[in-house]
Every structure is written in structure tokens, then in C-alpha cells.
Amino acid sequence: MSEELGSTAQGSMTASVATRVLGVVAAAAAALMLVLGLVVSPADVVQGEAVRLLYVHVPAIWVAYGSFGLTSLASALLLWRGRRRSDGGRHYDRLAGSAAECGVVFTAITLVSGSLWGKITWGTYWQWDARLTTTVLLFITYVGYLALRNLPAEPTVRARRAAVMALVSFVNVPIVHFSVDWWRTLHQPASLRIGRRPEITGEMYWTLLYSTLAVSVVAAWLMIHRYRVIRLEELRDEAGLAVALEQRRGEVVG
Amino acid sequence: MAAGSWGTVVWRDALLVAGKDLRIELRARVTITQVAPLGVLILVVFAFAFNANAVLLAQGAAGLYWVAVMFGAVLVIQRAFDVESDDGNQDALRLSGFHPGSIFLGKAMALAVQLLVLQTVLWVGLVVFFDVGVADWPLLGCAGLAGTSTIAVCGTLYGALAAGVSVRDTLLPLLLLPVLAPALLAGTRAFEAATGVTTDAGWNWTGLLFVMTAVYTVAGLAAFGPLVEDG
């Protein structure tokens, strides 16, 4: 998997034939999602046209949860097996970083689309509701994680610290969720739940399911490219160091 | 390492680390001369912000108290790890042979003691400035202890994460405060019940604080090894 993800990283581009195909599929899937969400799917009897925002809002948060889950898994693997790998676990670190970046972007999309939906439906951009509060705390937590990842420090040390933080943040998610849930909730129940009859049916149901698939493909494409960009950044830093050392040696000899 | 069960050794070493941190604090007196006055200042500034509305301040007193505790805690935590960064103390601690779990527990205990001092001063401020009374002393005491222990263990873990980096002063609050948000909620609700502002289930919120302490103690014991090794 690491070889496949980083296969083009030795060059100067982040694309390969596989990711170009994936990119075309993602673009087509997103275009079809727009048609289904804006044209084919009917307006809701209660929410009206605002329901169309849910075709972005719900898939975005699912993808964000999946991304944060992947960040935690990669972080656990880094701490557990990183030292046994020839790259010192850098592959897991890149995977965790790219997934977290995707998660933060899709959480931001969730918050913005949710605020717009809230303005139309509740009459306000923000309510101190349990789900909203949890999501914004999740967002800030992972922004902090990305800040930790971008610190000027020795890469291995930084990777291990980031991995610890990712795991601790993941442990914190249910605590935050339940605490704000007990505090107050206003948010409607989840539209789709495994093992339960869905709250929506017909074109809306299928559009929502399709949108989740389409957004997941887009997220996968973004994540692979971010992984490769991180790898290229590492190569640039290593090459920069080598050049600087060479120049210094040249100065001493000269 | 002296003979004794693993647990005994860990606790003995933890007490040594806590004693060292508290001795440093006792000599510098930063908590009592700088952090505690700052906490009281936060209470006063909030009173200005709310136009000294006595009713509003009494209702929000519990929340203001925990906000002041958390901002004070950030400063205390930063200092607890700054003293390790100076003169290679981090390396000395690593070479001391202490189990990483001992260092974690010791630093958390020292932080807890300092936070209790801070909270005592803030409580006096709350009584004097906001005229807060007590309806349930046992709940108040337990919630205060539970909140202190939660902030101490979380703070130790995140303090170690941010330690030794150039931007730690700004990074630590960004990492720590979202994590402490449930503790702020729980502490506020429990204190509101203890001071008779609400009839909320204060003991349930106190229970949540103890659960958080347990979860972060386990996480800290597991994670402190890699953090201390990397320094």
C-alpha cells in the first residue's frame, strides 16, 4: 500500500495513471451528485429546498468521521509497528496526516452547510446544540492536531507526538459527545442509521446514499494526493538539507 | 531500582517527582503570586463585561470559576514543563531511571496540588465578589477534587505533547482547551447544583469528571513512555 500510495513521489508530480482515472471518476460522480441533488430529488414537505443541503452535509460528516478513524488507526500502527519498519513509520505518519487534513476539510464543510441549513430551518446560523457543539470541538481538536504536525521538529519525534495526540483525541470523541448530549440537544436524529428504518425514503434516500459514495470517492482522491504531497515535502526537506551540507563543506574546503 | 512491587516503586517515584516539582514551585511561588491573582482578575474583568449585574453574575459564577481555573491551569502546566526544558532537565529526568508512568503521575499530582491552591483563592473571590453560597458541601468538595484531577491528568499529558517546541505557549491552549471542554461543562453543572443555582444532577456530572480522570490517567500512563523517550 505504501509503495502504491507513494509510487509517483520520486518524481515531481503527485498524479499517476490510477489517480488520474480516480480523479475523472470523482469529477463525474460529483457532477451526477449535483444533478441528483438539485434536479432529480424533490423538495421536502417540511424543510423545502433546504433539504438539498443535506446531500452535502451528511456525506461530509460521514467522510470526516471515517478520515479521523483512519488517522487513529494509522497513528496506532505508527506507535506499535513504526520502529520495525525500514522507513521508521513515516508511511503511517503520512497516512495519518493526509486523512486528518481531509477530515478537517470535510468537518468544515459540514459546519458551513449545517449553518446555512440552520439559518433556513431554525432561523439562526448557530445553536448551542449538542451535535453542533461536538462537531465544532472535534474540528478545533483536529486543527490543533494539524498544528502539532506542522511544528518545526525532528520528523520522527513530531510523528510520534502527533500519533499520541491523534489517539488521545479519538478517545476524547465519545466523552465530548455524551457530555454535550446531556447538556442539551436540538439536532434532528440521524437520517440514516445502520439497522434502523431510514427517516427518509424514495429519491431522497437514494440521492443521500449516492452522495455519500460520491463524496467518499472525492475524499479518497484528495487523500492520496495529499499523501504524495507530504512525501514530496519530505524529499524536498531532505534534499534541501543535503544541498545545504554540501554548500557548507564547499565553503570550508574553499 | 530498590526492591518492591512495581506499583509501589511507581508510586514512590511519583511522589519524588511531585515533591521535586512542588519544591521548585515553593521557591518560585509563581502560582500564588502570579497565577492566582490573574484568576481573581479574570473574575473581576468578567464582572466589568457583564456590567456588574449581580443577578447575571450569580447565575454565571460557576462557569466563570471554571473558566478562570482553566486559564490559570494552562499557565501552571506551561510552567511545569518549562522547568524541565531548562538546563537539560528533561534528559536528567530520563536518565534518572524513573518509569515514565511515575513521571506522569508525579507531575499530575504536583499540578493537582497547585490547582487546589488556585481554586481555594478563586473560591474566596467568588464568595466575596459574587456572593455565592453553598447548598451542598460534599458535592462542592467532590466536584472540585474531580475537576482538579481531570485538569491535572489532561494537562500533564498535553503539556508533555507541547513541551520543548518553540511555539508551546500558543500551542498548549489550542490542544488542551477543546479536550477540557467536557470538564468545563461538568464542573460548571456540578458547581451550579452545589451552590443551589440549579437542581441539576450534580453528582452525575461529578461522576463524569471522575470517569475523565480515569480515562486520561490510563491514556497518560500508556502514552508518556513514547513522549518522554522522544523528549
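# Chatting through chains A and B

Visitor: Where does D131(B) lie?
Guide: D131(B) sits in the loop between α5 (100–130) and α6 of chain B. Keep in mind that this is a predicted model.

Visitor: What is phi of D131(B) near?
Guide: Near 55°, which is positive, and D131(B) is not a glycine. Most residues other than glycine have a negative phi.

Visitor: Buried or exposed, D131(B)?
Guide: D131(B) is exposed, because 11 other C-beta atoms lie within 10 Å and the cut-off for exposed is 12 or fewer.

Visitor: What about R29(B), what's its phi?
Guide: R29(B) has a positive phi of about 55° and is not a glycine either. R29(B) is in the loop between α1 (6–28) and α2 (30–49) of chain B.

Visitor: And is R29(B) buried or exposed?
Guide: Exposed: R29(B) has 9 other C-beta atoms within 10 Å.

Visitor: Zooming out. How many helices and strands in chain B?
Guide: Chain B has 8 helices and 0 strands. In sequence order, the pattern is α-α-α-α-α-α-α-α. The radius of gyration of chain B is 18 Å, close to the 17 Å from the globule rule for 231 residues, so chain B is as compact as a globular protein of that length.

Visitor: What does the C-alpha trace of chain B span?
Guide: About 55 × 35 × 30 Å along the principal axes.

Visitor: How much of chain B is buried?
Guide: Buried residues are 48% of the 231 in chain B. Take the contacts in chain B with a separation of 6 or more: 83% of them come from residues 24 or more positions apart.

Visitor: Now chain A. How many helices and strands?
Guide: Chain A has 7 helices and 0 strands. Starting at the N terminus, the elements of chain A go α-α-α-α-α-α-α. Of the 254 residues in chain A, 39% are buried.

Visitor: What share of the contacts in chain A join residues at least 24 apart?
Guide: 77%, counting contacts between residues at least 6 apart in sequence.

Visitor: Next, where the chains meet. How many residues of chain B are in contact with chain A?
Guide: 22 residues of chain B contact 22 residues of chain A. On the chain B side, α6 (137–162), α7 (168–194) and α8 (202–230) each supply at least two residues.

Visitor: Which helix gives the most to that side of chain B?
Guide: α7(B), with 9 residues. By class, the side of chain B that touches chain A has 20 nonpolar, 1 polar and 1 charged residues.

Visitor: How do α3(B) and α7(B) cross?
Guide: The axes of α3 (residues 54–85) of chain B and α7(B) come within 9 Å and cross at roughly 150°. The crossing is right-handed.

Visitor: Which residues make that contact between α3(B) and α7(B)?
Guide: From α3(B), they include Y65(B), W66(B), V67(B) and M70(B). From α7(B), they include L172(B), L176(B), L180(B) and F191(B). The class count for this contact is 14 nonpolar, 4 polar and 3 charged residues.

Visitor: What's in the largest nonpolar core?
Guide: The largest nonpolar core has 124 residues. Those with the most contacts inside this core are A96(A), Y65(B), V69(B) and L161(B).

Visitor: What is V69(B) in contact with?
Guide: Setting aside neighbours within four places in sequence, V69(B) is in contact with L115(B), L118(B), Q119(B), L122(B) and I151(B).

Visitor: Back to chain A. How do α4 and α5 of chain A cross?
Guide: The axes of α4 (residues 90–121) and α5 (residues 130–149) of chain A come within 10 Å and cross at roughly 150°. The crossing of α4(A) and α5(A) is left-handed.

Visitor: Which residues of α4(A) and α5(A) meet?
Guide: Among them are G97(A), A100(A), V104(A) and L111(A) in α4(A), and L132(A), F139(A), Y142(A) and L146(A) in α5(A). The contact has 12 nonpolar, 6 polar and 2 charged residues.

Visitor: One last residue. Where does V112(A) lie?
Guide: V112(A) is in helix α4 of chain A. V112(A) counts as partly exposed, because 15 C-beta neighbours are inside 10 Å.

Visitor: And how are V112(A) and H57(A) separated?
Guide: V112(A) and H57(A) are 55 residues apart along the chain, and their C-alpha atoms are separated by 8.5 Å.

Technical notes
Residues are numbered from 1 along each chain as its sequence is written. Chains are lettered from A and ligands numbered from 1 in the order in which they are written. This is a predicted model: local features need pLDDT of at least 70, side-chain atom pairs count only at pLDDT 80 or more; totals for chains, interfaces and linings use all residues. Helices (H or I, at least four residues) and strands (E, at least two) are DSSP runs, numbered from the N terminus. The radius of gyration is taken over C-alpha atoms; the globule rule is 2.2 Å times the number of residues to the power 0.38. A residue is buried if 20 or more other C-beta atoms lie within 10 Å of its own, exposed if 12 or fewer, and partly exposed in between; C-beta atoms are placed from the backbone. Two residues are in contact if their C-beta atoms, placed from the backbone, lie within 7 Å. Ala, Val, Leu, Ile, Met, Phe, Trp, Tyr, Cys and Pro count as nonpolar, Asp, Glu, Lys and Arg as charged, and the others, Gly among them, as polar. Axes are lines fitted to C-alpha atoms, for helices over the stretch in contact, and angles run from 0 to 180 degrees between N-to-C directions. A crossing is left-handed if the near helix is turned anticlockwise from the far one by less than a right angle, and right-handed if clockwise. A nonpolar core is a set of buried Ala, Val, Leu, Ile, Met, Phe, Trp, Tyr and Cys residues joined through C-beta atoms within 7 Å.
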